[in-house]
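Subject: Structure for your review

Dear colleague,

I am handing over the structure below, together with some notes on what was found in it. Please read the notes with the coordinates open beside them.

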Amino acid sequence: MTNDQMTTQQNPVTVFNPNGQSRVVLVCEHASCFIPQAFGGLGLDDAAQQSHIAWDPGALEVARRLADHLDAKLVAANVSRLVYDCNRPPSAHDAMPARSEAIDVPGNAALTDAQRRNRTEKYYDPFRARLRDVIATTRDPVIVTVHSFTPVFLGKPRSVEIGILHDTDARLADAMMQMAAAHTRANVKVNIPYGPQDGVTHTLKEHAIPARHLNVMLEIRNDLIADPAQQEHMGNCLAGWLTDALTVLNVSVGAQC
């Protein structure tokens, strides 16, 4: 077991750049494919455990580069979304999915209420509490969640390259779409490949919308962020893009007052 994995078992959530002075709070719910040893790999082979069903490849690296560029705090979950998907409430069937895309997850089949409650208390509750605390200590926070998605889903290629997602508050998403052409030649769509109807906006609904904090969810096709050079490029692109979009809304991303 690596040192990182030992730390993960003890700490289900990590805050990168905890002293960051930006108003932007970055979130990466699917940062890790780590499955604690006690779960026996959830009955999956190594390839499945490391595939996109278990995490969002490249998302954490992009989020960390964004945190560096913006001097922003970043809250990241340390376990696979197959153990507990921190972008889902405990009541959601896919918080601990028995099937992901076309792959059955034997270790999540027929979970008892007690088992679901144990995972919720061990992984989701600490993540939720830490994110809540980070937001509470950031003046006028702007919540930005960072995800990646597979270029082929259930055998169908996806032409969208960057998704700008929102729930009932579209202010920041609209501003980003307004500024998109100035920052990227990528195929950018709103609420594609996922949207609120897919249950993917839980973090925004839980931590941003009730308090009317500006918010957006970013989905990046993972073949565009597969190596460090691509991740650095995307981090640069998104940092400038977010900054300009927030400027449109008369919001500075700089140091808190």
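The confidence score used here, pLDDT, is the predictor's confidence in each residue and runs from 0 to 100. The model is a predicted one, and its protein chain averages a pLDDT of 94, with 95% of the residues scoring at least 70. The exception to keep in mind is the stretch of residues 1-8, where the pLDDT is below 50 and where the model shows 7 contacts beyond near neighbours in sequence. Where pLDDT is low, the predicted coordinates should not be read in detail.

On helix packing, helix α3 (residues 59-70) packs with helix α7 (residues 228-248) at an angle of about 50 degrees, their axes being 8 Å apart. From α3, the contact is made by Glu 61, Val 62, Arg 65, Leu 66, His 69 and Leu 70, while the residues contributed by α7 include Pro 228, Met 234, Leu 238 and Leu 242. By class, the residues of this contact divide into 8 nonpolar, 5 polar and 3 charged.

Ser 148 lies in strand β6 (residues 142-149), and it counts as buried because its relative accessibility is 6%, with buried meaning under 20%. Setting aside residues up to four places away in sequence, Ser 148 touches Asp 56, Pro 57, Ala 59, Glu 219, Ile 220, Asn 222 and Ile 225. Between Ser 148 and Asn 215, which are 67 residues apart along the chain, the C-alpha separation is 17 Å.

Asp 85 sits in the loop between β3 (73-77) and β4 (99-100), and at 5% relative accessibility Asp 85 likewise counts as buried. Apart from its neighbours within four places in sequence, Asp 85 is in contact with His 30, Asp 94 and Ala 95.

Cys 33 belongs to the loop between β2 (24-28) and α2 (46-49), and with a relative accessibility of 23% Cys 33 counts as partly exposed. Its contacts, again leaving aside neighbours within four places in sequence, are with Gln 49, Gln 50, Ala 54, Trp 55 and Ser 80. Cys 33 and Pro 90 are 57 residues apart in sequence, and their C-alpha atoms are 20 Å apart in space.

Conventions: Residues numbered from 1 in each chain as written. Predicted model: local features only at pLDDT ≥ 70, side-chain atom pairs only at ≥ 80, totals over all residues. Heavy atoms only, no water. Contact = heavy atoms within 4.5 Å. Axes fitted to C-alpha atoms, helices over the stretch in contact; angles between N-to-C directions. Helix = DSSP H or I, 4+ residues; strand = E, 2+ residues; numbered from the N terminus. Nonpolar A, V, L, I, M, F, W, Y, C, P; charged D, E, K, R; others polar. Buried < 20%, exposed > 50% of the residue type's maximum accessible area, 1.4 Å probe, protein only.
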